[in-house]
Amino acid sequence: MRFTLLGPLAVRDEAGSRAIGTRKVQLLLALLLLEANRPVSAERIKLTLWGERPPSTVNASLYNHVAQLRRALAGPGPERVARLHQGYSLRVEPGELDAEEFAEHVQQARQAYLAEDWARTVRRASAALALWRGEPLAELAGSLDAGARLSTYAQARLQALEWRFDAELALGHHHGLIPELTALAGEHPLHEPFHRQLMLALHRTGRQSDAIAVHQQLVRTLARELGVTPGADVQAAHREVLSGPAPAPTPSAPAPEPAVPAPPAAPVASGPAQLPRPTPSFVGRGDELAVLAAHLTERQAEPPVVVLSGMPGVGKSALAARVGRQLAAEFPDGQLYLNLRGSTASPVAVAPAEALEQLLGALGVEAQQVPSDLDAAAALLRSTLAGRHVLILLDDAGSAAQVRSLLPGAFGCAVLVTSRSPLAALDCTLRLSLTPLPEPQALALLDKVVGAERVAAEADAARRVLELCGRLPLAVRVVAARLVARPSLSLATLCDQLDDETERLDHLAYDDLSVRRSLALAHRALTTSADPVDRLAALALRRLGAIALVEYEAAAVARLLDCPAGRAEAALARLAGVALLEELRPGRYGLHDLVRDFSRELGLREDGEQERGQALGRALRWYADQAGGTSVTILPAGSGRGRVLDEAAADAAFADAAAALDWYDQEVPNLGVLIEQHLAHPLGPVLVRALTPVMQYRGHWSTLGKINDLALAAARETGDRWAQAFSLHDGAGTLFIAGDFEAALARVEQALELWRELGAHTFELAASNNRGTLLEYLGRYEEAAAVIEGVLELDQGADDYTRAVALNNLGNLYEHTDPLKAIEAHRRSLELGEGISVPGFQCAAHSNIGFAYLRLGRPAEALPHFEQSVELADGEGSDWLAEYTARLGFVQSLRELTDHRQALAESRRLLELTETQQDTYSEGLARHQYGLALRAAGEPAAAAVEQWSQALRLLESTDNTAVVTELRDLLAADDAQG
């Protein structure tokens, strides 16, 4: 496996790139890679992913992100992401991380440089630089607290470049250095070594006046910005330049023979200079500038053709013009510019024949001399360009066909094409995709236009403004213009204006700058296209805003469009092709926030309320069906909840539990958004009911509790008694898990009353079972026995699942009075569980038999049952709660059998399991056991006391009085001894 930090984050293996998932999962991976093979604390990870105000579900969310990352990195060998006591660590083998390989090459280049081994310096520095794919971690860098580390990488790159250029100069390889040094000197106007090296390269290739100009520019810049003069090295280079024409170089090692003719030694501009005027506010894009400059001036047999793509407003044209101006001296026969207007509707876009006529006209060919035949006109362009050094900038291309006939055919020319599409059908030598600016560069843009002092005075508001702009250069330029126009407008006020998503695009328009207009051009081109896929993509764009998801995939979008999934996939791919969507991983797409705002506007304007409502309803119905299918797949056969969901989700079958859970894990972010935004919709409670079993299965209890509270309030407001009953019943389960048995009992009794009124016999029995369990936990044993025996009498074996649950509960009750009788009840429950093939139920039954043996003081007989339970819990048929309960008993059995080493190890594993959930009750019980294991193993008393203190804090507000009392006694005994 190969991990890359030096550029956009990427993971590759023999099969190609691996999808990493959402931005937060990518941030998690980046953070772990920066500390490869070293622990990273959970607190640091939370701070990086969620900032100073994490959500209440942060622990559960972190577990989900870790689980997603583990799946993304899954492969042979031990698991990549290891859980440590207070955090996580990522295992990276030697040679797998580009940053480590980069550091090794840099160190070897340094040694060669100090030894003046110039050929080896070039090899080692070039090997290091070849690993550099752009700004380290690209757009993730602004969200990571790793500025010093990333800055170190950037400084090491600059140092490697310096060493390589010095070595190349020493070897006499001057000609090939000028384009790259020109770009770097422009990117780093205060960096003296690049200017010194550029002066020497220009001088030694006969361009003395250009070398002097470089020195003069450096002197002015240093005086203006820093108030200093150039250092001794630059002064020495200046003296060499002034000494007269450079002698013929005597390379210490032979330079490679060029495969194609070298450009003229001293080009003099003699052709058209059509490039757009420079943008004074241009900032950043240093890595992209260097890549483009190096590629466009590379000596090769075929003319370089570069496609620069990206979403509307990302700054493609500005970057293209910038690099074109930097390279003007390398193309002395002219720089041509043509706006193809390909992102607009067809009548406005420039046709290839018209484009050829304009380009040939700029090169001095009269209009009447241009053939009417397209192929003949293209051939004339190639003939006219032959032997010339011309740069052609084709801006805003709409398709490969629009560009193909405009390409030169001989060495000396270069073509830079900008397009919203990567123009995959065009034969080109380089494709470069632009993304929104990293935060530091976006801040620099704001500083440059608005003024650094004004921005620094409201630094937090400035960052929030950039976030609301999505760091899109066009949007940042708009807000900067508004701030310049209104000196009294504070960044905080602007932030408040942009916070309203319904009016955000109104505030992102000023004079001739408009994010909405830029996006509307792309939408109009799709709408007016003759291609039915384009028109469907236009419809998709306006429908996506009807349901704000974190990610979109074809099956869900098909419901929005009311079309087959294959057509929806084609529409999504087309939107990604014109940079209105981003393909996050195969088949799953994301919307930039401003595109989402535009999509919402489109829908409100062009779709009627009824049409939007129907599209939303179809999408919610699909998600409810899929969630129901997931829950049905993992629910015990014959359960009442399973039968109800099975009827609702008949078309959402999954092959097995693994497939069902994989769907749920991928959709967790989307499901949270849907419930938050659409709980009041008639299908909102349906979605909650469908999700409840799988959320319980995954142990997402805290989140489920909040959802059920909201669902109960909504159901009471609408008078939906079925929804009320489900919410009360499910909410009781979350309260039970939290150790609030009294509140859980109150809810389950309310649910029981409603089930009776509704005549829902199956759910009445399930609620009665739960009521019996709660009465038992509250020490009301006689009442509990009456309730559970009543369930067995009512059921009469007609429903094996309900009867098995009742026997399980009866066994739990007998543990307080007659453990042997409890074992008998649990064995009968186990037999029924095996008969209905429910591994999770079998897991619980084995655990309960084990706890009964512990009650009898027979841990040796308890241990095999806990081992069997843990084995079942590790399979696909069990769930989080079953695994937790099994491991709790496993730890207790080991400790009572005095297997202290294993007991301690299993205690840590139990605690780790509980820390992955937002479940303080289970964590408290785990810390109680961990403290007992620490004491039994002879560890320092302070370690056990720390665990018991934390356990008491977590449990003292619960109804588990027995454990709370024991914890207080343990702590009091320690105080007495201390």
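How much accessible surface does the protein have, and what share of it belongs to carbon and sulfur atoms? The accessible surface comes to about 40,700 Å², and 51% of it belongs to carbon and sulfur atoms; such areas come from the Shrake-Rupley method with a 1.4 Å probe, and for residues only the protein chains shown count as cover. The model is predicted: local features need pLDDT of at least 70 and side-chain atom pairs count only at pLDDT 80 or more, while totals for chains, interfaces and linings use all residues. Residues are numbered from 1 along each chain as its sequence is written, and side-chain values use heavy atoms, with hydrogens and water left out.

The protein contains 43 helices and 16 strands. These are DSSP runs numbered from the N terminus, with helices (H or I) of at least four residues and strands (E) of at least two. Of the 978 residues, 54% count as buried. Buried means under 20% relative accessible area, exposed means over 50%, and partly exposed lies in between (1.4 Å probe, protein chains only).

Leu190 sits in the loop between helix H7 (178-187) and helix H8 (192-204). Its relative accessible area is 37%, so Leu190 is partly exposed.

The cysteines come next. A disulfide is a covalent bond between the sulfur atoms of two cysteines; here the term covers a pair of cysteine sulfur atoms within 2.5 Å. The whole structure has zero disulfides. For Cys495, the closest cysteine sulfur is in Cys469, at 9.2 Å, which is too far for a bond. Cys495 is buried because its relative accessibility is 7%, whereas Cys428, at 21%, counts as partly exposed.
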